[in-house]
Every structure is written in structure tokens, then in C-alpha cells.
Amino acid sequence: MSEKLKVGILGGTGMVGQRFISLLEKHPWFEVTTIAASPRSAGKSYEEAVGDRWKMDTPMPEAVKNIVVMDVNEVEKVASQVDFVFSAVDMTKDEIKKIEEDYAKTETPVVSNNSAHRWTPDVPMMVPEINPEHAEVIEFQRRRLGTSRGFVAVKPNCSIQSYAPALTAWREFEPSQVVATTYQAISGAGKTFKDWPEMLGNIIPYIGGEEEKSEKEPLRIWGRVEGGVIVPATSPVITCQCIRVPILNGHTAAVFVSFNKKPSKDELIEKLRAFSGEPQRLGLPSAPKQFIQYLEEDNRPQVSMDVNYENGMGISIGRLREDTIYDYKFIGLSHNTVRGAAGGAILCAELLKAKGYIAAK
């Protein structure tokens, strides 16, 4: 009998659902036992439901091929099969909010990749190295939902992973103003070049809703827990532009930052390399040993060389130098569907298990 927790994937046929399934293959703590998707996929084997739409660069795990896909809307039925679920459903924001809370009310923890609950005041939105203490609001959320073990937790937007960790490492120097331009991979839209041939050799200077998320979500991550809710930080002021570029995986950010307490370049690099958090202290299975690497070469980080750093769970920073208008500028890179999506959610679930919030039913 497996000692692993039984995991369900809601929205398991889409790109992020597929990434969950590929990353959870041979996971030491979690085992995918249930996959749920839209009614049109329900009743088919997972292999049949996905068909020729498998988008990962590794083969579909044998263990999931014959799992019969369930209807994600049959909440009680799906929830009865699992200890907790990862959510990657493709629905409207209001539908996602409702269905994730419906699962939570069956006493099934939900760790979501979706944005619907990122601003629900008592839902923690976590980068585990940055704000693990936000898990404290779960007890208040449970009171609101009337649950004893069910809750919703979310991970933040993929684009902020390429710069928010660096700014976190520098918090003692009080970043005051940040200008960030993100160059975002097509997999962030759930696409490959086969699906989106018009992206070849092209750049699109607009990604719906992305700039607001990139400006506001870091402030919530840096916020404080007060009265059972998360109160966002008020600084630094962040302005952002988000651009879609012809890259499959990897979000790059070009960032300018001013500080209230101006540090030296050497101090900034030292803080990046020394930065770690609860996942490293706890030795969580998906945690990168070195969360942030600083690259000295002028032409790094590069997607082709650095996107898979620490199995896609680490952050790469380079080209840190003084600026003529702001204090410093730098380039950041993160893997948008690993650290920025499914991998980040898995690390959240590992942290929540280690802290006792997720356990076997």
C-alpha cells in the first residue's frame, strides 16, 4: 500500500495539467490517482482524452495513461478519491472561484495555479521561499468556509518569478521604485509553436491582464497577515510592460530599481547568492538547493542555457549594473511553467504538507 498522498489534477488535460502530471511522476510524497477535466473528456482514458495534444518534451507517464478521466464538475465524486487536488481548470474567473471553494468544502485542500483567488483576502498566495507565513490565514479561511481541513491556496503569476525573488533578497535596502519589462514565452498562453505558428519571428506587445498582475501581486506577497487577512505592502511602486516573444519556455525580465538605502553592487550580489527560505531549510523535494544564481557573464542569463537551472525551479539573475536614472538595472529569468506554474504549486503543496495543513484523509 502506497504511503503517498493521493492527488487529483483538476484540468488535467491542458498544458499546466500536463506539466503537473509530468512533474509528479515518481514524486516521493504525492501520487496522481485521479484526473478530472471537462465533460467532453470524462469517461475516456487519459491517453485517449489528451490524444495528440501532449505538449511536454518528455513522454506521458505510463502510470497515468489508463486513468479514466472524471468530470471536474462532479465535485463530491472526485473529492472522495483524493487527499487533495491541484487546480489548473480552464473556466471563467467566477466559475473557478466557485468550483475551488466547492472542493474545499468537501474537506479537500486545493492548491491552485489559477488567478481567481489571488486577491481573496484569506487565501494565501505563496512563493514558499518568500512568504511561507501567509499560510497562517488558512485557519481564518476555514472558519469562513465552515471546514476543518479544506482550504484554497494559490501561487502567484508566472511573470513575477523572474524579478520578485531578487527584490525580496534586497528588501533591507528598501527598493522604492521598480520598472520591469517582461519578455514572456508562448507556453504561458498554453501554446506551442505548432498551435501558434504566427508567433514564429514575431513579438506581440500585449498580454491581457498581465501588467496589472505583474505590478500588484508582488505587493501582496510582501504583505503582512493582520486580522485573518493579508494586507498588501505599499512599496515599492512597480510599473510593468509585458511582451509575448517567440520562446517556448522561459520568462525574461529587464528591470530597473531604485533604493532608499543604496547598496553596493557586491552587497546586492552577495544577498542574491545567500538568499534561501523555508523550502531549503526543510529540504522539500522540489526545492532548489540554490534558489537564486547570479551569473557574471555579460551575455547571461539566456533561455537556451539557463531556463532549466535547478530543474526549472531556480531563478537566474545577471547583468546587474548601475543605471544613470535609477540606482541599478538587471536581467532575470525563470521557467514559467515549472517555477512559474505547476512546479511552484507543487512546492507550495510540499510546504503545506510539511506544516501540517495537508494530510491523508
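In the predicted model, Thr181 has Ala254 of strand E11 as its bridge partner. This bridge belongs to the pairing of E7 with E11, which is antiparallel and extends over eight bridges. Strand E7 also pairs with E10, here in the parallel sense and again over eight bridges. In general, the strands of a sheet are joined through backbone hydrogen bonds, and the pairing is either parallel or antiparallel.

These strands are part of an open sheet of six, in the order E10-E7-E11-E14-E13-E12, and the pairing is mixed. The edges are formed by strand E10 (237-244) and strand E12 (292-295); each has a single partner strand, so one side of each is left without a neighbour in the sheet. On average, neighbouring strands of the sheet are turned by 20° against each other, direction ignored.

Elsewhere in the sheet, strand E13 (residues 315-322) is paired with strand E14 (residues 328-334) in the antiparallel sense, over five bridges. Ser316 has Leu333 in E14 as its bridge partner.

Two helices that pack on the sheet are described next. Helix H8 (residues 210-221) touches strand E7 (175-184) and E10, and the direction of H8 makes about 145° with that of E10. Helix H9 (residues 265-274) also packs on the sheet, with contacts to strand E11 (251-259), E12, E13 and E14. The direction of H9 makes about 140° with that of E12.

Conventions: Residues are numbered from 1 along each chain as its sequence is written. This is a predicted model: local features need pLDDT of at least 70, side-chain atom pairs count only at pLDDT 80 or more; totals for chains, interfaces and linings use all residues. Side-chain values use heavy atoms; hydrogens and water are left out. Two strands pair if DSSP finds at least two bridges between them. Helices (H or I, at least four residues) and strands (E, at least two) are DSSP runs, numbered from the N terminus. Axes are lines fitted to C-alpha atoms, for helices over the stretch in contact, and angles run from 0 to 180 degrees between N-to-C directions. Contact means heavy atoms within 4.5 Å.
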